[in-house]
Amino acid sequence: MAKEQTLSIVKPDAVGNNNIGSIISYLEKSGLQVVAMKMLHLSKEQAGEFYAIHKERPFYGDLVKFMTSGPVLVMALEGENAVAQNRKVMGATNPEQAEVGTIRRDFAKTLDENAVHGSDSLDNAKIEINFFFKPNEICARTR
């Protein structure tokens, strides 16, 4: 097993529903550690750049609108196989298909407003973490 870092975003729906603490608890109980965190309200430009990979897809405009509809909490997480572990605890993108006990099953209401984002690969995790955090903002867990 390899210690990795990944990005997690608590999306505007989950922030608005006051689920931040519960979601962090799910992540920590799964073995992941928060090594950086900040709350911000994404601008249209930031959201557009972050989700640029989806620019040609029909849902892109709605995704940018949703991600700018309220504050988000961005976190860099660390742990054994962090990318896969985070995706496992998030659950399927569609909350109706997510397993019981996953974040999306317990906190998301729809496919479009699905509570959290998580990096889908180690390469994307590095890109996404660098999008939101400077190297000196990542805090090694020493205890």
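Glu78 counts as buried, at 15% relative accessibility (buried means under 20% relative accessible area, exposed over 50%, partly exposed in between, with a 1.4 Å probe and protein chains only). Glu78 also takes part in a salt bridge, with Lys3 as its partner. The model is predicted: local features need pLDDT of at least 70, side-chain atom pairs count only at pLDDT 80 or more, and totals for chains, interfaces and linings use all residues. Residues are numbered from 1 along each chain as its sequence is written, and side-chain values use heavy atoms, with hydrogens and water left out.

**Salt bridges**

- A search of the whole structure gives 2 salt bridges (a side-chain nitrogen of Lys or Arg within 4 Å of a carboxyl oxygen of Asp or Glu).
- In the bridge between Lys3 and Glu78, the closest N and O atoms are 3.7 Å apart.
- Lys3 sits in strand E1 (residues 3–10) and Glu78 in strand E3 (residues 72–80), so this pair ties together parts that are 75 residues apart in sequence.
- Lys3 counts as exposed, at 54% relative accessibility.
- Lys38 and Glu137 form a salt bridge through their side chains, at 3.4 Å from N to O.
- This pair also links distant parts of the chain: Lys38 is in strand E2 (residues 33–40), Glu137 is in the segment after helix H7 (122–132), and they are 99 residues apart.
- Lys38 is partly exposed at 25% relative accessibility, and Glu137 is partly exposed at 30%.

**The sheet**

- Helices (H or I, at least four residues) and strands (E, at least two) are DSSP runs, numbered from the N terminus.
- Four strands make an open sheet in the order E2-E3-E1-E4, with antiparallel pairing (two strands pair if DSSP finds at least two bridges between them).
- E2 and strand E4 (116–118) stand at the edges with a single partner strand each, so one side of each has no neighbour in the sheet.
- From one strand to the next, the twist averages 20 degrees.
- E2 and E3 are joined by 7 bridges in the antiparallel sense.
- Ala36 stands opposite Ala76 in E3.
- Strands of a sheet pair through backbone hydrogen bonds, either parallel or antiparallel.

**Helices across the sheet**

- Helix H5 (residues 82–90) lies across E1, E3 and E4, and runs at about 35 degrees to E1.
- Axes are lines fitted to C-alpha atoms, for helices over the stretch in contact (heavy atoms within 4.5 Å), and angles run from 0 to 180 degrees between N-to-C directions.
- H7 lies across E1, E2, E3 and E4, at about 55 degrees to E1.
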